[in-house]
Amino acid sequence: MATLFKNGRDAQGQVLEVYVQDGCIQEIASEISAPNGVADLQVIDCQGKLLAPGLVDIHVHLREPGGEHKETIASGTKAAARGGFTTICAMPNTKPVPDDLAILSNLQERIKQSAVVKVQPYASISQDLQGENLNDFKSLKEAGAVAFTDDGVGIQTAGMMLAAMSQVQALGSLIVAHTEDNSLALDGVVHQGKVSQRLGLPGIPASAETSQIARDVILAGQTGCPYHICHVSAKESVSIIRWAKSQGYPVTAEVTPHHLLLDEDDIPGPDTAWKMNPPLRSAEDRQALIQGLLDGTIDCIATDHAPHAKEEKAQSILTAPFGIVGLETAFALLYTHLVVKGVCSLSQLVDWLTCRPADIFKLPAGRLTEGQAADLVLIDLVAQSTIDVNQFYSKGHNTPFADWQVQGRVCLTMVDGQIVYQA
């Protein structure tokens, strides 16, 4: 099958046409004529819509194996395709944890059988995410682990993180960190600030995050290990990352759509749709995240897509799990509230969701390049809609963005030249 995309526009608004054959991009130009002698050619008139590289999400929870009631590889990757994502990285907090070759191999086979987009699996830093014994990084990397993380829990001791960084640096891989000091976070469920006081709930201070970031960037500088920080949420964290980069340390960072668009003042009450970790912090923190993204301190955007079953989120805010879904809402929310409102350009947004994360993780994704895989997305930037959780492909409906009005709709997602989603 060959496909010719006509009359598209790139993120700068220039006319863009793309010819795809045998799963690869054969030609990119401002005008392409239909080739002769191609019997199965389909021509797609983009009608001026955005034609962009498939989006890349380096922080996704697919839950399988062990949490299939929350999400599966099939449902999660269908949700990714609906959101315009063609490459995602799957976090290792599954049951069992991919911390040895047999488990990682089983996971890769599941991905091969069920995924409709490209899935790069993480392996954990420590065995069973317990933070006590390091894994065999070399064998896991050779088997295809994209990077190493204990996401969901922070590495609690500096010695353990130093040892992990030293080994991973020698392999040319990447440490990815959920930064949280348990002795400071304790049993908090929201940010320690106005909302915790108003609702009488235990709070998580910003220092639980920033203290580990401060520790880890020093260790990254010492070891030279590439170090990526998950879901930055606090203004002090942004300052520390900015300083680390000024020193030339190999540090990168991501921010989520929800931390860019929401803060503690938006939380209506003890509603578990608003419970995520790290929590929504102050309006000042949110503005610092936006500024950090704009000035390059924060490198990219990742959803931290974290689906849960309805009955789990129906618990008390004290006992319900942390996390919200994000794959199907990310682009429209960000386009509506950042690009349309003039906070950033469309080109910047596309970069934060494509080439920036791909470059950090050395993924063959994030750009439209002749001779490379035809992974792309077509987006109607004018279309308006209401976020309807009942239309989600994800099993998880846990989001604070339900019923929000948004602009920008994914019309088509293609992976390796095959259409995997079409509205």
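A residue is called buried when its relative accessible area is under 20%, exposed when that area is over 50%, and partly exposed in between. This definition will be needed throughout the tour of this predicted model.

**Stop 1: the two domains**

Begin by colouring residues 2-50 together with 372-422, which form domain 1, and then residues 53-361, which form domain 2. The C-alpha centres of the two domains lie 27 Å apart. Where they meet, 33 residues of domain 1 are in contact with 43 residues of domain 2.

**Stop 2**

In soluble globular proteins, nonpolar side chains tend to be buried together. Select I175, Y227, L260, F331 and L349: these residues have the most contacts inside the largest nonpolar core, which has 93 residues. Helix α12, residues 330-339, supplies the largest share of this core, with 8 residues. Both domain 1 and domain 2 contribute at least three residues each to this core. A second, separate core has 17 residues, among them A147, V176, A302 and F361.

**Stop 3**

Next, display helix α13, residues 346-353, in which 6 of the 8 residues are buried. The buried residues are L346, S347, L349, V350, W352 and L353.

Proceed to A358 in helix α14, which spans residues 355-360. A358 counts as buried because its relative accessibility is 1%. Beyond its neighbours within four places in sequence, A358 is in contact with V56, L363, A365 and G366. For a sense of scale, draw a line from the C-alpha of A358 to that of L219: the two residues are 24 Å apart in space and 139 residues apart in sequence.

**Stop 4**

Select H59, H61, D151 and D304, which an unreviewed UniProt entry marks as "binding site". Although these positions are spread over 246 residues of sequence, they cluster in space, with a largest C-alpha distance of 10.1 Å. H59, H61, D151 and D304 are included in the lining of the largest pocket.

Centre the view on H61, in the loop between β6 and α1. Is H61 buried or exposed? H61 is buried, since its relative accessible area is 5%. A polar contact of 3.1 Å joins its side chain to that of D304.

D151 is in the loop between β9 (148-149) and α4 (158-171). With a relative accessibility of 2%, D151 is likewise buried. Its side chain makes a polar contact of 3.1 Å with the side chain of H59. Leaving aside neighbours within four places in sequence, the contacts of D151 include M91, H178, C230 and H231.

**Stop 5: a second annotated set**

The unreviewed UniProt entry also places "binding site" at H61, L62, R63, N93, N277, H308, F322 and G323. From this set, the lining of the largest pocket takes in H61, R63, N93, N277, H308, F322 and G323.

Select N93, in the loop between β7 (85-90) and α2 (101-114). Why does N93 count as partly exposed? The reason is its relative accessibility of 25%, a value to be read against the limits of 20% and 50%. The side chain of N93 makes a polar contact of 2.9 Å with the side chain of H61. Not counting residues up to four places away in sequence, N93 touches H61, R63, L129 and D151.

Finish at L62, in the loop between β6 (55-60) and α1 (73-82). L62 counts as buried, because its relative accessibility is 3%. Residues up to four places away in sequence aside, L62 touches E71, T72, I73, G76, T77, I88, A90 and V119.

Technical notes. Residues numbered from 1 in each chain as written. Predicted model: local features only at pLDDT ≥ 70, side-chain atom pairs only at ≥ 80, totals over all residues. Heavy atoms only, no water. Core = buried A, V, L, I, M, F, W, Y, C linked by side-chain atoms within 4.5 Å. Buried < 20%, exposed > 50% of the residue type's maximum accessible area, 1.4 Å probe, protein only. Helix = DSSP H or I, 4+ residues; strand = E, 2+ residues; numbered from the N terminus. Domains from an automatic or database assignment. UniProt positions renumbered as here; feature names shortened; annotations may be inferred. 1 Å grid on protein atoms, 1.4 Å probe; cavity = no way out; pocket = protein on both sides within 12 Å on 5 of 7 lines; lining within 4 Å. Contact = heavy atoms within 4.5 Å. Polar contact = N/O pair within 3.5 Å; in protein donor to acceptor, adjacent residues only side chain to side chain.
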